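The report below goes through selected local features of one protein model. Please keep the sequence and the coordinates in view while reading.

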Amino acid sequence: MQKLEEPRQLRSTDPTVHLPVSVIVPTRNEARNLPRCLESLRGAGEVYVIDSQSSDDTADIARSFGAQVVQFHYQSGWPKKRQWAMDTLPLAYDWIFLVDADEALTPELAEEIKQVIQDPRFGGYYIALRMFFLGRALRHSGASFYKLSLFRRGKGSFECRLRDQDTSMCDMEVHEHVVVEGETAKLRNPLLHHNIESLSRYLQKHDEYSNWEARVWLLGEANSGELPPSLFGTQAQRRRWLRKKFFRIPGSSILFFLYKYVFRLGFLDGVPGLIYCGLQGIQFFQIKVKIYELRAKKD
């Protein structure tokens, strides 16, 4: 079962709290990335690290920064890690901020968040990711996108695109997105996203992601969640629409690479851009062959 440690309740009246939000950081063997992430979150109201029995020093590092560590034991089904945390933890603040262990807050973004959460008109905010891959900031390659990472507690939840899931598909929401009640807006300042700690770890994670993606796409739009593919929808919906169209084309894995590397100017990102776009094409191929495998098993 999930293990919940005694929470550290900090309110915005605490002089050490400069950013009155509840932060949720999902982890599994993130000892390399986590110090940078948690250092950037100093001054946040409370930080929960939701860990999946890491075999490295992830939990000890989190505690050394004053974060609360919660062990999450995924069996199957829904909810997964972050939705479970949102449903279960005794969160102390009115706003939830979802941050991955390979992401880091900048002072400019922290100040912007502090200001926008005072605005009663909005229920959530999209935050851009500035991606770093193999030590280089990717300014092209189709690598920039927005995530709805900041929202009012009780007003946002992850869409569920697939209830029949198992442990081969990663214990965290993969490409499910947060859906928020009320108006949303985009923030000006980005999160820094250090996408890769090692190529081996990157490939391992995306192998798990492709298991989930294959099952979702095999079942079709019945599992598109609350954000169905749409050319004229949100960024997430447009990306789903594009993937859906590519899946139908023979040789689409190569075309997807060319789309990223040529049309989205990935060649301007140097060797890291070439590797990133190449891996994107390979991951697209992984999904397609796993869809084929699932269909063969059904026949």
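In which loop is Leu265 found? Leu265 is found in the loop between helix H7 (252-263) and helix H8 (270-298), where helices (H or I, at least four residues) and strands (E, at least two) are DSSP runs numbered from the N terminus.

## Basis of the model

This is a predicted model, in which local features need pLDDT of at least 70 and side-chain atom pairs count only at pLDDT 80 or more, while totals for chains, interfaces and linings use all residues. Residues are numbered from 1 along each chain as its sequence is written, and side-chain values use heavy atoms, with hydrogens and water left out.

## Backbone features in loops

Leu265 has a positive phi of about 65 degrees although it is not a glycine. With a relative accessible area of 34%, Leu265 is partly exposed; on this scale buried means under 20% relative accessible area, exposed over 50%, and partly exposed in between, computed with a 1.4 Å probe on protein chains only. A positive phi is also found at Asn29, likewise a residue other than glycine, where the value is near 55 degrees. Asn29 is found in the loop between S2 and helix H1 (34-40), and it counts as partly exposed at 25% relative accessibility.

Another backbone feature is the peptide bond from Trp78 to Pro79, which is cis, with omega near 10 degrees. Pro79 is found in the loop between strand S4 (68-71) and helix H3 (81-88).

## The buried side of helix H4

Helix H4 (residues 107-116) has as its buried residues Leu109, Glu112, Ile113 and Val116. Because these residues cover an arc of only 100 degrees around the axis, they lie on the same side of H4, the arc being that of the directions from the helix axis to the C-beta atoms.

The strands against which the buried residues of H4 pack are S2 (19-27), S5 (95-98), S7 (122-133), S9 (146-152) and S13 (191-194); contact here means heavy atoms within 4.5 Å.

## A buried aspartate in a loop

Asp171 is found in the loop between strand S10 (156-158) and strand S11 (178-180), and with a relative accessible area of 11% it is buried. Leaving aside residues up to four places away in sequence, Asp171 touches Ser52, Phe72, Tyr74, Lys80 and Lys81.

With one of these residues, Ser52, the side chain of Asp171 makes a side-chain to side-chain polar contact at 2.4 Å. A polar contact is a pair of N or O atoms within 3.5 Å; within protein, one must be able to donate a hydrogen and the other to accept it, and residues adjacent in sequence count only if both atoms are side-chain atoms.

## Cysteines

A search of the whole structure finds zero disulfides, a disulfide being a pair of cysteine sulfur atoms within 2.5 Å. The sulfur of Cys37 is 17 Å from the closest cysteine sulfur, in Cys170, which is too far for a bond. Cys170 is in no disulfide either, and the nearest cysteine sulfur to its own, that of Cys160, is 14 Å away. Cys37 is buried, with a relative accessible area of 0%, and Cys170 is buried, with a value of 7%.

## Aromatic rings

Eleven aromatic pairs are found in a search of the whole structure. Rings of Phe, Tyr and Trp (its six-membered ring) pair if their centres lie within 6.5 Å, and planes under 30 degrees apart count as stacked, over 60 as edge-to-face and the rest as tilted. Phe133 and Tyr276 form an edge-to-face pair, 5.4 Å centre to centre with 70 degrees between the planes. Phe133 lies in strand S7 and Tyr276 in helix H8, so this pair ties together parts that are 143 residues apart in sequence. Both Phe133 and Tyr276 are buried.

The pair of Tyr259 and Phe263 is stacked, because the ring centres are 5.6 Å apart and the planes are at 20 degrees. Tyr259 and Phe263 are four residues apart in helix H7 and therefore separated by about one helical turn. Phe263 counts as exposed, at 62% relative accessibility. Ring pairs link Phe256, Tyr259, Phe263 and Phe284 into a cluster.
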